Each structure stands twice: as C-alpha cells, then as structure tokens.
Amino acid sequence: MLKIGSHMKFLLFFLTCILSCAINAQQVNESVFVNSSDTKLYLEVIGKDKSKPLLLHLHGGPGNVVLGVLPFQTNVGKQLEEEFLVAYLHQRGAGKSLPVPGETQTIENHVNDVAEVIEYLKKKYAKDKVHLSGHSWGGMLAALYTKENEQNINKLILISTGLNVKKLLYESYLSTLDWAEKTKNETALKELDKIRMSPHANQNQLVLSRWSNQAGGGIIRNFNVEQFLKDNNVEKIYSNWGGSQFEIRNAMYEEFVRIDLDKNIGAFRVPALFIAGGRDTITPVSMMKRDFELYRGYKEFAVLESSHHLPFIDEPDSLARKMIIFLKQ
C-alpha cells in the first residue's frame with residue numbers, strides 16, 4: 001500500500017488551504033450604506049462568486065422591505081445567489097436605510113437613488129452593466145430608471161408590475177369586482193360599487209387594496225405573517241415597519257398614481273421578462289399582457305398560474321427558475 005509521507009501531507013494541506021482561501025476570496029456577503037444626495041441607502045450584496053453577473057433587485061411597496069425584501073431573499077434570492085451576485089436595496093426611508101422627511105419621497109429621488117446604487121455596484125465590482133429586476137412598485141422604479149439609462153442595464157425583469165398606474169388600478173378594480181361577483185361577496189360588492197367612478201383616488205384605492213388583497217385566494221394565503229415576523233425578529237430590527245410603510249405610501253401617492261410609461265415602453269430595447277401571477281387581482285395578467293404588447297425590445301412573458309401578487313412566496317422555485325433561465329440565455 002502506498003504511504004503518503006509527512007511532507008506530502010503538509011503539501012496537500014497547504015494546497016487545500018490555498019484553494020479554500022481562493023474560493024472564499026471570491027465569495028461576497030457585503031452590507032453597506034450607499035450615499036445618495038440627502039440620505040444613506042442600505043444595500044446587501046451576496047453571491048458565491050464576485051466575478052458572476054450582477055443583479056440588483058428592487059422591492060415593492062413603496063416602502064415594503066419586510067414583506068418585499070426578506071421573503072424574496074429567503075425564498076428566491078438564495079437560488080439566484082448561486083448563479084449571480086445579487087444586490088438587495090432597502091429604498092429610501094425604508095427598512096435599514098436612514099429615515100427621511102416625507103417631502104423627499106419623490107419619484108425623482110427614488111430614480112436617482114437607483115442611479116447612485118448602480119454606479120456604486122459597477123465601480124465596486126468592476127461591471128459595465130447590471131441586470132435589474134423589480135417587484136410591483138419596484139418594477140415601476142426599475143422601468144423608470146431604465147428609460148433614461150439603458151446603457152447600464154443588461155436585462156430587465158418586471159414581476160407583478162404595471163407601467164401605467166391609473167390603468168393598473170382600473171384593471172385591478174375589474175378583476176376584484178369579477179371575483180366578488182363570482183363569490184357573491186355582498187360586502188365587497190357594496191364597497192366596490194361606491195368607488196367605481198374613481199378607484200384610483202387615494203382613499204378609494206385603500207378600499208380597492210383591501211379587497212384585491214383578499215381576492216384570487218388572498219395575497220398571503222401561503223404565508224404565516226406572525227411566524228415570519230417572529231422568526232426574523234422584525235419587531236426589534238424594523239420597529240414600526242408597518243407605520244413607516246404607510247407613511248411612505250401616503251407621501252408618494254399623488255405622484256405615484258400619475259406614473260404613465262405608455263409613451264415610453266415602445267422605445268425600450270433592453271431584453272425584458274414579464275412575470276405575472278395567474279391569480280393576481282392587484283396586477284392582473286391582463287395589465288401585464290397590455291404592457292408586454294407595447295414593449296418593442298426583445299421580450300418574454302411568463303404566468304405563474306398558482307401565484308397571487310407575491311410569487312416569491314406562492315411559487316418561489318418557479319420564479320427563481322424563470323429568472324435564472326432568462327438571465328443566463
């Protein structure tokens with residue numbers, strides 16, 4: 001039997017250490033604050049290999065870090081991190097980013113924030129371009145940034161996103177009303193009838209949101225919120241997260257409801273993937289199909305049939321798989 005001498009064992013041990021150090025040197029697990037005009041934005045960057053393509057993900061809300069970023073990271077992000085360097089942004093005033101006055105919660109500031117983060121990522125990780133994905137409001141923000149900065153984006157992924165908010169809310173109203181009629185929900189029908197003339201008005205949208213969250217099986221039917229908050233120590237780490245999200249939403253609403261990219265979509269040339277939830281009554285498939293038809297760049301459309309508005313909770317494996325296939329092709 002061949003025996004390995006002590007000097008050979010030492011050499012093997014030494015080479016193993018070198019290899020291990022080389023692998024670890026390529027891994028990234030960074031938490032940093034990025035300066036952006038009047039505030040500091042919290043950013044996490046995670047991946048197995050810093051040489052991999054970089055993907056920045058933008059959460060929904062506005063202001064929804066707890067139910068927008070954390071479940072996405074856990075359910076989908078872990079799979080993406082095997083193939084990409086993934087960056088998760090806590091948008092201005094939300095999550096671990098610094099608080100800001102309500103008057104600074106503007107569309108322009110949010111777009112500028114994304115610009116600052118992308119420039120930071122490109123410089124830090126030596127990338128010419130990044131992939132950009134967004135869920136719901138995060139998808140709108142991704143599209144708004146891309147409209148003026150296509151040169152920085154490789155591919156764009158829009159998840160449960162509408163690009164004309166008034167038309168989106170009207171489609172949501174029709175979809176939710178259809179659910180109420182089919183299920184004979186008299187309370188929902190009565191409240192929805194009262195807002196039929198202007199579902200986009202601020203207080204009316206809150207009524208619509210309450211029912212669209214319940215329609216189609218419910219936005220959190222596969223999600224134990226209380227257990228999630230407890231497991232992630234949310235109440236301690238993100239104190240007043242619900243109140244903060246509501247304040248951000250109110251500060252932005254009048255400008256938010258005027259988002260309209262109808263005249264811009266046709267000029268986009270970045271390859272784009274549109275992902276809709278088959279049961280979603282907040283961003284119905286019909287709305288995403290409409291935007292998809294207007295898009296003139298290379299495009300793909302996918303429907304996750306069992307998903308409501310949070311496909312990273314309802315069908316995380318399917319969502320991750322579709323994102324990875326699109327980004328790697």
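Q: Which residues is M323 in contact with, leaving aside its neighbours within four places in sequence?
A: This is a predicted model. In it, M323 is in contact with L55, F72, V76, L80, S133, I157, I159, L273 and I275.

Q: And which residues touch the most other members of the largest nonpolar core?
A: M323 is one of them, together with L43, L56, L121, L156, L192 and L319. That core has 99 residues. In soluble globular proteins, nonpolar side chains tend to be buried together.

Q: Changing topic: at what angle do the axes of α5 and α7 cross?
A: The axes of α5 (residues 165–183) and α7 (residues 202–212) cross at roughly 50 degrees and come within 10 Å. The two helices are therefore oblique to each other.

Q: Is the crossing left-handed or right-handed?
A: α5 passes α7 in a left-handed crossing.

Q: Which residues meet there?
A: From α5, L169, S172, Y173, T176 and W179 meet Q205, L208, W211 and S212 of α7. Five residues of this contact are nonpolar, four are polar and none is charged.

Q: What about W241; which helix is it found in?
A: W241 is found in α10, which covers residues 241–256.

Key:
Residues numbered from 1 in each chain as written. Predicted model: local features only at pLDDT ≥ 70, side-chain atom pairs only at ≥ 80, totals over all residues. Heavy atoms only, no water. Axes fitted to C-alpha atoms, helices over the stretch in contact; angles between N-to-C directions. Helix = DSSP H or I, 4+ residues; strand = E, 2+ residues; numbered from the N terminus. Parallel < 35°, antiparallel > 145°, perpendicular 65-115°, else oblique. Left-handed = near helix turned anticlockwise from the far one by under 90°. Contact = heavy atoms within 4.5 Å. Nonpolar A, V, L, I, M, F, W, Y, C, P; charged D, E, K, R; others polar. Core = buried A, V, L, I, M, F, W, Y, C linked by side-chain atoms within 4.5 Å. Buried < 20%, exposed > 50% of the residue type's maximum accessible area, 1.4 Å probe, protein only.
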